[in-house]
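Please look over the sequence and the structure before reading on.

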Amino acid sequence: MPARVIIFTGKGGTGKTTSAAATALLCARKGYKTLVMSSDPAHSLADSFDMPIGGEVKKLMDNLWGVEIDAHTEMHKEWGTAIAYARQLLSVQYDDALAGEIMAIPGIDEVFTLLKIKKFINDYDVIILDTAPTGHTLRMLALPEAVGGAGQKLIGLEKKVTKVLKPFEDMVGVPLPESSTFDETEKLYVRLMEAKNLLAGKNTTVRIVLNPEIMCIRETERAMTFMNLFGFHVDSVILNKVLPKEVKDPYFDKWKKLQKKYMKEVELSFKPLSIMSIPLMETEVVGTKLLGDVARELYGKKDPTTIFTSEKPFDIGKRKGKFYIRIKLPFTKKEDIDIEAADDRLIIKVGWYKRVLTLPAVVVRQSVKKAELKNGYLTIVFEGKKKEKKK
Ligand SMILES: Nc1ncnc2c1ncn2[C@@H]1O[C@H](COP(=O)(O)OP(=O)(O)OP(=O)(O)O)[C@@H](O)[C@H]1O
Ligand SMILES: [Mg+2]
């Protein structure tokens with residue numbers, strides 16, 4: 001059976017690495033064959049465990065392995081030719097340094113860590129992924145979908161055009177790629193789609209780590225909208241660094257009041273999602289002893305591999321003879337949503353996120369009857385036959 005994958009994400013410094021490491025430790029202690037992976041170039045996983053880890057899978061203790069993927073090297077290994085070509089193309093218009101800068105899209109190299117998951121998926125019971133604070137990792141997975149069928153067509157078309165034009169490169173004025181570049185780009189495209197499908201699958205859940213602070217709460221709300229829109233299953237939020245009751249010093253009175261208010265807000269906002277919390281420990285969390293303590297605070301007697309909230313981010317079904325697509329879109333206002341139907345695709349725009357849903361065959365020929373936003377759910381109802389375009 002493929003591994004249960006748990007992804008930890010959240011704003012910078014909230015405790016993603018600590019939560020990921022503590023969860024991995026507990027999984028291993030419970031007897032699951034566990035791999036903990038980091039896609040963060042800062043590689044703090046090793047600091048958290050207080051053990052060297054590195055770019056190759058390393059056994060850390062019974063049932064626990066760790067790896068800190070060097071995403072940058074991984075990207076150049078996998079995608080070197082296409083990147084080199086894009087740089088070459090850009091350097092016609094910009095100087096080389098600037099071209100390099102443009103290619104350094106935040107988060108792009110991290111995606112290559114996600115591609116690695118596929119390699120390990122059948123070798124472990126559980127894979128825990130600690131991500132970088134940028135929050136771009138999962139966002140990048142939306143890329144192949146946004147490019148969609150157009151991307152595939154373009155790859156095919158450019159391949160042909162390049163073949164014809166290559167001998168006239170000087171006249172065209174831009175360097176033309178070898179067709180192998182397109183093969184590689186195509187391969188990457190397919191692999192990104194595979195990674196996206198794997199991570200939106202039923203064995204993968206995302207846990208968002210936040211602190212009881214207003215900026216963290218807002219960021220988590222935005223993350224929730226994105227995750228739901230793209231079909232990533234968030235099964236819990238982890239509220240970290242909560243001041244414990246034992247803290248009596250009046251200096252912290254205001255902090256405690258504020259945290260209480262924010263914890264209430266988190267509860268109201270994210271229900272029915274499971275909300276777990278970790279107190280602010282006496283010191284920073286380094287080494288297996290303290291990680292074990294954090295795991296106990298976090299999960300108590302619960303199995304960390306449990307899917308704590310089973311609700312799916314979106315579903316397709318039939319009600320009163322009409323097909324519908326229902327997407328959970330909390331923290332979204334009606335005026336922020338824009339829906340466009342184009343051939344076999346439905347484009348849902350929420351603010352500046354854009355989701356392109358390839359419609360299932362049953363509704364492709366139908367038109368959108370109505371779309372309604374209620375209680376945090378967007379429901380799109382389909383009906384009848386779509387009018388054929390006049391020739
Ligand atoms: N509950 C806690 N009590 C005390 N210290 C904590 C707690 N959780 C995390 N820390 C400490 O806070 C610091 C940041 O935690 P951590 O590295 O897990 O955050 P992160 O979200 O992974 O950060 P980054 O965004 O930089 O990757 C670390 O020094 C860690 O030991
Ligand atoms: Mg970290």
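## Contacts of the ligand

An N or O atom in the side chain of Thr17 is 2.7 Å from an oxygen atom of ligand 1; a polar contact here is a pair of N or O atoms within 3.5 Å. A backbone N or O atom of Gly13 lies 2.8 Å from an oxygen atom of the ligand. A nitrogen atom of ligand 1 has a polar side-chain atom of Asn240 at 2.8 Å. Of the 620 Å² of accessible area that ligand 1 has on its own, the protein covers 81% (areas by the Shrake-Rupley method with a 1.4 Å probe).

This is a predicted model, in which local features need pLDDT of at least 70 and side-chain atom pairs count only at pLDDT 80 or more, while totals for chains, interfaces and linings use all residues. Residues are numbered from 1 along each chain as its sequence is written, chains are lettered from A and ligands numbered from 1 in the order in which they are written, and side-chain values use heavy atoms, with hydrogens and water left out.

## The shell around the ligand

Ligand 1 is surrounded by 18 residues, each with a heavy atom within 4 Å of it. Gly13, Lys16, Thr17, Thr18 and Asn240 are the closest. By class, the shell has six nonpolar, eight polar and four charged residues (Ala, Val, Leu, Ile, Met, Phe, Trp, Tyr, Cys and Pro count as nonpolar, Asp, Glu, Lys and Arg as charged, and the others, Gly among them, as polar).

At least two shell residues each come from helix 1 (16–29), strand 7 (234–242) and strand 8 (274–279). Helices (H or I, at least four residues) and strands (E, at least two) are DSSP runs, numbered from the N terminus. Helix 1 supplies the largest share, three residues.

## The pocket

Ligand 1 sits in the second largest pocket, meaning that more than half of its atoms lie within 2 Å of the pocket's grid points. On a 1 Å grid over the protein atoms alone, a pocket is an open set of points with protein on both sides within 12 Å along at least five of seven lines, and lining residues have an atom within 4 Å of a point.

This pocket holds about 460 Å³ of space, a volume being the space filled by probe spheres set on the points, which are joined across faces, edges and corners. Its lining has 23 residues, and Gly15, Thr18, Lys241, Glu284 and Val285 are the closest to its centre. Helix 1 gives the most to this lining, with three residues.

## Cavities

There are three cavities of 30 Å³ or more; a cavity is a set of grid points where a 1.4 Å probe fits but cannot get out. The second largest cavity has about 70 Å³ of space. Its lining includes Met224, Phe232, His233 and Lys328, and divides into five nonpolar, three polar and three charged residues.

Technical notes: Polar contact = N/O pair within 3.5 Å; in protein donor to acceptor, adjacent residues only side chain to side chain.
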